[in-house]
Amino acid sequence: MVGKKIALRMLLLSIVVALVACNPDQDATPVKAQTQPAPHDTATSSLPKLSLPPDSGPPPTIDSTRALQYAKDIVAFGPRPIGTANHKKVEDFITSHLKSDAVEDDVFTADTPEGKFPVRNIIAKFPGTRDGIIVIASHYDTNYPLRNTSYVGANDGASSSALLLEMANQLRGKKRNGYSVWLVWDDAEEAMKPESELPFEKDSLYGIRHLADKWQEDGTLTKIKAFLLADMIGDADLNIDRDRNSTPWLEEVVYQAASRLGYQSHFFARDNQVTDDHIPFMQKGVPCADLIDFDYGYNNVFWHTPQDTFDKLSAKSLEIVGSTILETVAILDKMDALPPK
Ligand SMILES: [Zn+2]
């Protein structure tokens, strides 16, 4: 996760903090409760009319214990910023679990404020019977400015990359009765410089921007029906944000998928506006949904710190997000023509 535009939430926080400061008798604990400005329905009024298929087939399967073990394995390599031996080990770890799959590499050299670095996006393709592609993405690098700390990005990068490996296990070995699904482990997502020196909008998303451009040039982009992003989804205290930089109708499908599985209470109680890997695809007109919990520890205190450690993750959170993403895909598979962005 590279950064976010601070929306209504921080404003409300400061108001609440001010209120608490004015009233010493007030319990400070309501602060969190009062940062929730967006009940689910408020953002859906301008949606195109969605015709969702009935809830038929069995719910998707995720082996969350195995997914959590993958996260533990990735974290065990240590910090994995681009250009390091640890990064290469994680590349090898990912591809070693995709040996029987159709894997494509998107390798290039990124010109960054810290110099030139090799970048590698890894794509595993699972074919379907329906014309079109659904992309599910996660970045796997860790933040470069934190490279000399113990920062391992257990939640920020490892949790979602592990979840995609488990999704591959579920997708492998059978032609999908629906769209093709492409899993993307994208690289060089994190900023190279601290944001105090360079805004993250100008210094991040190197890998996914390259891939979006490449797929625009070779015509792949026109086949992509939806881009689903997972980021910071392993937090044991799981609350996925509604992201106002994502496509409203696709977020609504995600919410309906979560509801069908009984997981809706983990989704969209909070509003946000996130700059993340989906932005280059949004800018090119692809419907996108960023599934991110940008409240990692109280007031996001663990984000981009050495406290982003494996003990904060839970298998249940991986199960909730993994199942919801696969259920979203299953709904998209059965929908008539999907709306544009
Ligand atoms: Zn990050």
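Of the 341 residues in this chain, 57% count as buried, where buried means under 20% relative accessible area, exposed over 50% and partly exposed in between, with a 1.4 Å probe and protein chains only. This is a predicted model, in which local features need pLDDT of at least 70 and side-chain atom pairs count only at pLDDT 80 or more, while totals for chains, interfaces and linings use all residues. Residues are numbered from 1 along each chain as its sequence is written, and side-chain values use heavy atoms, with hydrogens and water left out.

The chain has 9 helices and 10 strands. These are DSSP runs numbered from the N terminus, helices being H or I with at least four residues and strands E with at least two. Among contacts with a separation of 6 or more, 82% join residues 24 or more positions apart; contact means heavy atoms within 4.5 Å.

The largest nonpolar core has 68 residues. Such a core is a set of buried Ala, Val, Leu, Ile, Met, Phe, Trp, Tyr and Cys residues joined through side-chain atoms within 4.5 Å. Which residues touch the most other members? They are Ile 136, Met 167, Leu 183, Trp 185, Leu 228, Phe 267 and Leu 332. Helix 5 gives the most to this core, with 9 residues. Apart from it lies another core of 22 residues, among them Trp 215 and Leu 229.

Take Trp 185 by itself. Beyond its neighbours within four places in sequence, its contacts include Ile 94, Leu 98, Arg 120, Tyr 140 and Leu 164.

Next, the helix pairs. Helix 5 (residues 154–171) packs against helix 9 (residues 315–334) at about 55 degrees, with the axes 10 Å apart. Axes are lines fitted to C-alpha atoms, for helices over the stretch in contact, and angles run from 0 to 180 degrees between N-to-C directions. The two helices are therefore oblique to each other; angles under 35 degrees count as roughly parallel, over 145 as roughly antiparallel, 65 to 115 as roughly perpendicular and the rest as oblique. From helix 5 the contact uses Ser 159, Leu 163, Met 167 and Gln 170, and from helix 9 Leu 318, Val 321, Gly 322, Ile 325 and Leu 326.

Helix 7 (residues 248–260) also meets helix 9, the axes coming within 8 Å and crossing at roughly 115 degrees. That makes helix 7 roughly perpendicular to helix 9. Residues in this contact include Trp 249, Val 253 and Arg 260 of helix 7, and Glu 327, Ile 331 and Leu 332 of helix 9.

Now a few single residues. Phe 108 sits in strand 2 (residues 102–112) and, at 14% relative accessibility, counts as buried. Its C-alpha is 8.9 Å from that of Asn 121, 13 residues away in sequence. Leaving out residues up to four places away in sequence, Phe 108 touches Phe 117, Pro 118, Val 119, Asn 121, Tyr 206, Gly 207 and His 210.

Last, backbone angles. Most residues other than glycine have a negative phi. Leu 205, though not a glycine, has a positive phi of about 60 degrees. Leu 205 lies in the loop between strand 5 (176–186) and helix 6 (206–217), and at 6% relative accessibility it counts as buried. Asn 299 is not a glycine either, and has a positive phi of about 55 degrees. The loop holding Asn 299 runs between strand 10 (288–292) and helix 9. Is Asn 299 buried or partly exposed? At 40% relative accessibility, Asn 299 counts as partly exposed.
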